[in-house]
Amino acid sequence: MAGAHREERAAAVARIAVLGAEGPGDVTRLPSGSPLGDSGSSESGTFLALGRLGAKVEILPAGNVDDCLRLSREPSLDLILLDCCPREVVEAFFSARPGQGAPVVVIIPADASESAALDAFRHGASDCVRVGGEYVEVLALVAMEQIQRWRGLREKEAARDKIEWLERLNQAIVTEIPVSLLVLDGHRRVVEWNPEFQRTFDCGPGEARGAEIRDVLPAPLIADGQLMELVPALGEPLPKRPRLARFTDAEGKDLVFDVRSQRLDAEGHLLLTLSNVTKTELMSRRLGELERFNEHVVQSINSALVVIDLEGRISYANPTAGQILKISEADLAGRPIGEFLSSTDKMPAVVEMALEKGVHSRGREMVLSLADGAAVPIGISCTPLLGDHDEIQGAVAIFQDLSEIKELQRQVLQQEKMASIGQLAAGIAHEINNPVGFIHANLAQMSEYLDDLGLYLDSVDELKRVVSAEASEEGARALRSLDDLARKIDLDYLRGDFGSALRESLEGSERIRHIVSDLRDFSHRGGVKKSSADINQCVDSTANIVWTMMKHSVELEKNYAELPELRCHPMQIKQVLMNLLVNAYQAIEENVEDGSATRGVIEITTRERDAGIEIAIRDTGAGIAESNLPRIFDPFYTTKEVGAGTGLGLSTSYGIVKQHGGEMTVSSELGQGACFRVWLPHDLDEASEPT
Amino acid sequence: MANLLIVDDDAGILSALRRTLRREGWNILLAGSPSEALEIIDQNRVDLILSDHKMPGMTGTELLGEVSRRSPETVRILITGWSEAIDEDELARIGVGAMVSKPWDDAELKAVLRQYLA
């Protein structure tokens with residue numbers, strides 16, 4: 001406070017205004033013991049006296065009465081000395097001097113009349129000193145006394161002001177503060193309370209006096225906050241921590257109070273403060289909920305959430321948005337949404353509709369164009385963000401990456417397609433099986449018949465040649481008509497083409513037979529009980545069957561490990577092996593046909609692996625291009641020329657192995673041959689088999 | 001001369017099989033149903049029975065099971081397009097000598113039959 005500062009300064013330095021003094025000067029420099037005249041000027045004596053007050057004296061010389069009056073109005077002035085001033089000057093000073101102010105000491109010249117001192121007191125001087133024998137000592141004592149008295153007065157006055165001010169402040173606080181205050185005496189009875197308490201706890205003026213705390217505060221509030229612990233008996237320690245206490249008021253509103261107590265004095269007076277923190281508490285709870293919501297929902301949902309301002313710029317993006325857009329969410333802030341959601345950098349329609357018309361869009365599909373050129377299919381919903389007065393402040397867009405869903409949809413469609421193809425195939429195979437069987441068998445027989453007929457016709461030709469020379473006229477005519485008929489039906493061509501037609505038909509029916517056989521295997525699997533089988537024997541018998549077909553171009557290497565029996569469908573496993581061996585053979589044939597090799601090797605290895613049996617079939621054939629590898633187990637996928645294969649062999653084999661709970665893998669490089677591995681697990685759980 | 005009995009409910013199959021095997025030097029008997037086949041078995045010495053599986057009234061395995069009781073010395077062979085519906089343990093129990101898939105391969109079929117009908 002400025003006042004306090006001034007007082008400190010005044011205490012440190014005594015400021016004394018002197019009228020009638022000769023001029024300003026540092027009293028401390030006056031030589032002590034300077035000779036003093038008995039009369040005339042007292043000035044050197046005055047300075048000596050002031051010098052005895054101590055080092056910290058500031059002399060303020062006044063040139064005239066007005067000057068002195070001006071100085072006397074300074075609040076920090078400690079003393080005014082009227083030093084041997086003429087009578088009229090003294091009178092002029094006192095008549096114009098303000099009522100209150102620093103004490104005035106009048107120094108009367110040695111030769112002044114007796115009444116001069118009386119006059120001075122009458123005018124209002126605090127003391128008088130006559131110049132004379134012990135004048136210096138007397139003046140020093142008088143000045144000191146006056147200064148101390150004046151300072152004491154001033155301090156008392158300042159203290160009184162301060163107390164008054166504090167009382168007013170206290171009153172204002174107690175009355176206006178929105179906190180319920182309760183003062184309890186040593187017996188824990190209410191002695192004081194404030195209007196807020198009256199309002200909050202519905203208590204009439206005067207009602208509370210002398211009451212116990214149980215009488216003025218609601219019981220649920222006391223119980224909830226265990227408030228009795230806050231007002232312990234005299235001498236018991238006071239809990240330091242404030243309490244939160246809740247109760248429901250008469251109107252059904254839930255209220256929360258922060259309650260604290262404080263000891264006021266040794267008599268045991270306690271101040272109990274009850275602050276209504278209901279709103280704060282609600283807000284902080286709501287804030288907590290919002291923070292948790294933000295953390296648990298917005299931050300962690302698998303959907304991107306983006307807040308867009310009115311200019312179409314991103315103002316917030318959650319981590320998923322960053323992942324989908326492949327930019328950190330922090331870097332997304334401020335970027336126009338059009339950069340991502342449309343190829344033309346224009347604001348996408350869903351966002352535009354939300355921002356401009358407040359329209360809500362749901363589940364729209366669109367394609368994101370990312371900086372790296374990738375196109376990501378997304379499903380997007382956009383909602384306008386409304387302010388307190390329903391004005392549009394922006395928009396919230398939520399979108400999901402649909403790539404996986406699209407892929408799954410594609411796969412489901414593919415599986416459904418395959419399943420219906422399978423059913424169709426089964427039906428066709430069933431119907432075609434028998435007719436193809438006998439057509440094929442008959443065609444084979446017919447070509448044998450044709451061979452026989454050919455032999456017969458050769459004999460006829462021979463007969464014609466022998467008899468034509470000596471034929472009778474009738475015989476010659478018959479021979480001619482035979483020749484005519486032969487020409488007419490183009491017998492030579494017919495004989496040649498009959499064979500071709502049959503051979504081609506046989507080839508055709510052979511192809512149908514294979515297709516039907518593949519289709520049947522593809523569509524009908526399982527449903528049969530397994531039996532124990534020696535896998536080495538399965539491999540060997542299958543290899544022997546195909547051996548005759550391939551022996552001219554293939555060397556077979558067999559590495560069989562000793563194996564335990566395996567429960568499986570041996571016929572199906574043989575079918576898989578047959579398929580793999582035929583494929584291996586065809587791969588080698590490819591090399592033979594294009595001249596890159598004359599022979600090849602097929603290596604068959606069996607071994608135990610991972611609680612099952614592995615059969616590896618490795619060939620030195622043409623190999624498989626890397627780009628074809630992922631698709632070779634797909635149904636109907638074939639690299640053979642149209643008609644040469646149905647594309648069902650490997651997928652059928654794969655299906656059989658999968659149905660056994662096993663695995664089939666392939667490793668190959670174009671030109672480096674291929675290795676197919678079939679792993680079949682030991683069947684530990686026969687109970688789970690389909691019956 | 002060995003007696004070979006062929007059983008199939010499809011006349012086209014019977015006729016084609018007879019044609020295929022005609023020159024093998026066996027006496028070929030034909031039955032259009034399992035009951036007809038059992039009649040023939042009861043009245044003739046049959047060295048080998050080649051039976052279809054899926055037939056009305058009785059399946060091929062059931063027929064061959066019956067044949068194994070009535071005429072144990074008859075070699076039993078199943079020719080079928082639907083092998084997957086057949087219990088292989090059951091085949092072993094009945095004592096089915098071989099399975100031929102339909103449509104058949106002429107050479108394969110002849111090779112199998114020749115094994116038993118020397």
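This is a predicted model: local features need pLDDT of at least 70, side-chain atom pairs count only at pLDDT 80 or more; totals for chains, interfaces and linings use all residues.
Two strands count as paired here if DSSP finds at least two bridges between them. Strands of a sheet pair through backbone hydrogen bonds, either parallel or antiparallel. Five strands of chain B form an open sheet in the order β2-β1-β3-β4-β5, and the pairing is parallel. At the edges stand β2 (27-31) and β5 (98-101) of chain B, each of which pairs on one side only. Direction ignored, neighbouring strands of this sheet are turned by 20° against each other on average.

Strand β1 of chain B, residues 3-7, pairs with β2(B) in the parallel sense over five bridges. Within this pairing, L5(B) has L29(B) in β2(B) as its bridge partner.

The chain has five helices and five strands, and along the sequence they follow the pattern β-α-β-α-β-α-β-α-β-α. Helix α5 of chain B, residues 106-116, lies across β3 (48-52), β4 (75-80) and β5 of chain B. The direction of α5(B) is at about 160° to that of β5(B). Of the 118 residues in chain B, 40% are buried. Among contacts in chain B with a separation of 6 or more, 57% are between residues 24 or more positions apart.

Chain A comes next. Its 691 residues include 27% that count as buried, and its secondary structure comes to 20 helices and 22 strands. For contacts in chain A with a separation of 6 or more, the share from residues 24 or more positions apart is 58%. The mean pLDDT of chain A is 82, with 88% of its residues at 70 or more. Over residues 23-41 of chain A, however, the pLDDT is below 50, and this stretch has 24 contacts in the model beyond near neighbours in sequence. The pLDDT is also below 50 over residues 687-691 of chain A, a stretch with five contacts in the model beyond near neighbours in sequence.

Two helix pairs in chain A show how helices pack against each other. In one of them, helix α3 (residues 65-72) and helix α4 (residues 87-96) of chain A have axes that come within 10 Å and cross at roughly 35°. The crossing of α3(A) and α4(A) is right-handed. From α3(A), the residues V65(A), C68(A) and L69(A) meet V89(A), A92(A), F93(A) and A96(A) of α4(A). By class, this contact has seven nonpolar residues, with no polar and no charged ones.

The other pair is helix α18 (residues 535-550) and helix α19 (residues 570-593) of chain A, which pack at an angle of about 35° with their axes 9 Å apart. Here too, α18(A) passes α19(A) in a right-handed crossing. Residues of α18(A) in the contact include C538(A), V539(A), T542(A) and V546(A), while those of α19(A) include I573(A), K574(A), L577(A) and Y585(A). By class, the contact of α18(A) with α19(A) has 13 nonpolar residues, one polar and one charged.

Further along chain A is helix α20, residues 649-659. Nine of the 11 residues of α20(A) are buried, so the helix is largely enclosed by the rest of the structure. Among these buried residues are G649(A), L650(A), Y654(A), I656(A) and V657(A). After α20(A) comes G661(A), whose phi is positive, near 80°.

Strand β11 (residues 304-309) and strand β12 (residues 314-317) of chain A run antiparallel and are joined by three bridges. In this pairing, I308(A) stands opposite I314(A) of β12(A). Four residues lie between the strands of the hairpin, and G312(A) takes a positive phi near 85°.

Is S361(A) buried or partly exposed? A residue needs 20 or more other C-beta atoms within 10 Å to be buried. S361(A) has 17 within that distance, so it is partly exposed. Leaving aside residues up to four places away in sequence, S361(A) touches V350(A), M353(A), A354(A), S381(A) and C382(A). From S361(A) to V351(A), 10 residues apart in sequence, the C-alpha to C-alpha distance is 8.6 Å.

Notes:
Residues are numbered from 1 along each chain as its sequence is written. Chains are lettered from A and ligands numbered from 1 in the order in which they are written. pLDDT is the predictor's confidence in each residue, from 0 to 100. Two residues are in contact if their C-beta atoms, placed from the backbone, lie within 7 Å. Axes are lines fitted to C-alpha atoms, for helices over the stretch in contact, and angles run from 0 to 180 degrees between N-to-C directions. A crossing is left-handed if the near helix is turned anticlockwise from the far one by less than a right angle, and right-handed if clockwise. Ala, Val, Leu, Ile, Met, Phe, Trp, Tyr, Cys and Pro count as nonpolar, Asp, Glu, Lys and Arg as charged, and the others, Gly among them, as polar. A residue is buried if 20 or more other C-beta atoms lie within 10 Å of its own, exposed if 12 or fewer, and partly exposed in between; C-beta atoms are placed from the backbone.
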